2 protein chains.
Amino acid sequence: MMETRKPIPVSEAVMKVVDHAYALGTETVSLENSYNRILAEPVIAAHPVPPFDRSPYDGYAIISKFSAGACGEHRISFDIVDHIGAGEVSREILTGTKAVRIMTGAPLPENSDAIVMFEQAVEFDGSFTIRKPFEPLENVSLQGEDVSQGEKVIESGSLIQPGTVALLATFGYAQVEVSKQPTIGILSTGSELLDVAEKLVPGKIRNSNGPMIAAQLARMGIACKTYGLSADKLDESFEIVQQAAAETDCLITTGGVSVGDFDFLPAIYERLGAQVLFNKVAMRPGSVTTVAVADGKYLFGLSGNPSACFTGFELFVRPALLKMMGARKIYLPHTTAILSEDFTKANPFTRFIRAAYDGQNIKPAGFNKSNAVASIAKGNALIVLPGGTRGFTAGDTVDVLLLGVEEGQAEWKL
Amino acid sequence: MMETRKPIPVSEAVMKVVDHAYALGTETVSLENSYNRILAEPVIAAHPVPPFDRSPYDGYAIISKFSAGACGEHRISFDIVDHIGAGEVSREILTGTKAVRIMTGAPLPENSDAIVMFEQAVEFDGSFTIRKPFEPLENVSLQGEDVSQGEKVIESGSLIQPGTVALLATFGYAQVEVSKQPTIGILSTGSELLDVAEKLVPGKIRNSNGPMIAAQLARMGIACKTYGLSADKLDESFEIVQQAAAETDCLITTGGVSVGDFDFLPAIYERLGAQVLFNKVAMRPGSVTTVAVADGKYLFGLSGNPSACFTGFELFVRPALLKMMGARKIYLPHTTAILSEDFTKANPFTRFIRAAYDGQNIKPAGFNKSNAVASIAKGNALIVLPGGTRGFTAGDTVDVLLLGVEEGQAEWKL
């Protein structure tokens, strides 16, 4: 009567999922709408940065060799023949001890090769004196010292963060080629589910997974289409799943993937002719997490238990979507931290614990069961305890996956 | 001739800024629009979670005491008198060895106090047998075990992350009270600035700070109004600043805050009657960062140098805006990491270096000058080296502030 499922290791499940990602193609967005998108082209320097030799200080541009021998007892005087701010180009061609009063960011006048900072000079009546010699290129910000022309500064597949925006602006990318975002459908299944606005009645609970997944997608900058709630009825659910799968690049369902009498997702996958990549993972929570592919599209069957659903999204859905978008860093960032309280349960399978991480120490964020919801709200990380281990004690160093970080890591390290 | 400014320590500058934040008030948003907003009310449990004793497994609900004495040689048989899925309530009141076939999430039938999992039973023709006794409450998910009714689960001032959304949904918050977001203006000053779409000409560079700050705000979920570019002209700039300050809660300018001949922000602050909180910070880059307050509103005068501008935003603007929004965790998250290459420069002042952090090691993200732009795009963290220190070498543990993390820390730790 019981269907027997063979659990596969988490790392194998992750690899199986990301292996099936197809590329979504690209689109052009304006620079101001590019934050949090994935670059679909490398950023190539169209010109050097800085684009010209410039003054990094407010001061005076001089020809350094005419400062030779300056000292406190023998100050050398320069004549100020021009005065430029940033954005201005001096027409003077310097010779001898002619100098230009110059502001930060302005290009060096012709023949000048050093900048005397204001605080290194005494100005009086159209000239100034210095009491030390200046080296060629002293206090000069050189053309190309930050970026050389033609240099590939940022690789395709990088997340566009604010610094990337600055770089794109520097090189004149008013439009940016980015990866298209997937169209995602969310369908929450379960006869026990009420909508968030409904009144609680005996035996029922409100649907928290649907809104949570929508927020997990929003965190990635991805919109979604909600297919509402579906009772545990095979034919009805099949029709909704079929329609949703046709309308989206990827359908995320919650619930219905276990072996209960009303868990119809396995039967629906079969009717759709979907290839089930796995339906059991050696992990807690979320062991029943199922991922299938139909017509190249993902069908993510997440557990109906909130903590399991949350973890399944972060471990499997997130990297798959990022891979579809051509991202290079698709995995949650990994670090290690010091466990600040005992965790005495044994771990027959890899365990993911919603946890509060403070940059050094970490502890479980609350009640630890797959159906817990409060701990998801209180956590900002997942503690990962390997399967086959006994309890852990305060002071142990544990693996941690960080949540809510803009860009992840390129390698799955667990 | 030179104005002398007294630098103040970074920590003092941060405190001066956040001390001047005024609260923006609150507004109501729908749950689906609540991600990344700041909760303006605590989340109080309107009911226990779970709301009723329920089965965490697919199996059979029994009265435990009638399982006493069961063993391999003496299997005890139970009669299945009902069959419920999640969302259903059994009308049966159990007695003796009557049992209900029950699915995950369904409420325990009256009188039952334990769940026999499918794999713990052999079912045949309307009944099943077990070979071990069950304890009272064995395999039961108890009402309130996750959250008690009336419990304050999440504090006001918390960032709404996906787990928070799940919790809000659980308790029926279709609408959520959140802090209003500030209206931010951005004005980029400097005669050298071209718009991103303009062709490069001698002596000019494109404005990268304006788009970068807009993206730094977008990362916080905050929109902004751009006041374009302003040449270094006092009267014109004053009028734009005055107008922008009147139309926004906070005006961020870039450039014009140093002591150059065309740095007019100090004069503008004076004309506005603004109180300058500081105009020199003992830090690199960004020592000229200036923060003023006029009519209670912030005027952030960030450096025109991209790296300095970026750092000034993250250190001063970000916590100030979060404080205005009533957030509790307003500072960049702090951690430590191992420097993976030498950094030989001495640090007369606190130094912030754009850096690439991989969860364990960290290294400068490239060319390290205040006018660098590539390193902002390549970094995901800031190394913080204390003022008064000499060079650091590979293997040293250094302070790190993480960028692009959803929620920060409540304490400034540096």
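Modeller: Start with a record. UniProt, in an unreviewed entry, lists residues 185–323 of chain A as "domain: MoaB/Mog". UniProt positions are given here in the numbering used for this structure, feature names are shortened, and annotations may be inferred rather than shown by experiment. Over residues 185–323, chain A is 37% helix and 27% strand. The end C-alpha atoms of that stretch are 18 Å apart. Helices (H or I, at least four residues) and strands (E, at least two) are DSSP runs, numbered from the N terminus.

Biologist: What should I know about the model itself?

Modeller: This is a predicted model: local features need pLDDT of at least 70, side-chain atom pairs count only at pLDDT 80 or more, and totals for chains, interfaces and linings use all residues. Residues are numbered from 1 along each chain as its sequence is written, chains are lettered from A and ligands numbered from 1 in the order in which they are written, and side-chain values use heavy atoms, with hydrogens and water left out.

Biologist: Which domains does the assignment give for chain A?

Modeller: Domain bounds come from an automatic or database domain assignment. For chain A they are domain 1 (10–24 + 181–324), domain 2 (29–47 + 153–179), domain 3 (59–130) and domain 4 (334–402). The C-alpha centres of domain 2 and domain 3 of chain A lie 38 Å apart.

Biologist: How much area do chain B and chain A bury between them?

Modeller: The size of an interface is often given as the accessible area lost when the parts come together. Buried area is that loss (1.4 Å probe), summed over both parts. Here chain B and chain A bury about 6800 Å², 60% of it on carbon and sulfur atoms. B:D146, B:P162 and B:D261 supply 8% of the area that chain B buries against chain A, more than any other three residues. Contact means heavy atoms within 4.5 Å. By that rule, 91 residues of chain B are in contact with 91 residues of chain A.

Biologist: How many salt bridges are there between chain B and chain A?

Modeller: A salt bridge is a side-chain nitrogen of Lys or Arg within 4 Å of a carboxyl oxygen of Asp or Glu. The count between chain B and chain A is six. One pair is B:K369 and A:E145, at 3.2 Å from N to O. B:K369 lies in the loop between strand 22 (361–364) and helix 7 of chain B, and A:E145 in the loop between strand 8 (127–130) and strand 9 (152–154) of chain A, so the pair joins two chains.

Biologist: Where do cis peptide bonds and a positive phi turn up?

Modeller: Most residues other than glycine have a negative phi, and most peptide bonds are trans. Now look at chain B. A cis bond joins B:V49 and B:P50, with omega about -10 degrees. B:P50 lies in the loop between strand 2 (43–44) and strand 3 (59–62) of chain B. The bond from B:R284 to B:P285 is also cis, with omega near -10 degrees. B:P285 lies in the loop between strand 17 (283–284) and strand 18 (290–294) of chain B. B:N36 is not a glycine, yet has a positive phi of about 75 degrees. B:N36 lies in the loop between strand 1 (26–30) and strand 2 of chain B.

Methods:
Buried area = accessible area lost by both parts, 1.4 Å probe.
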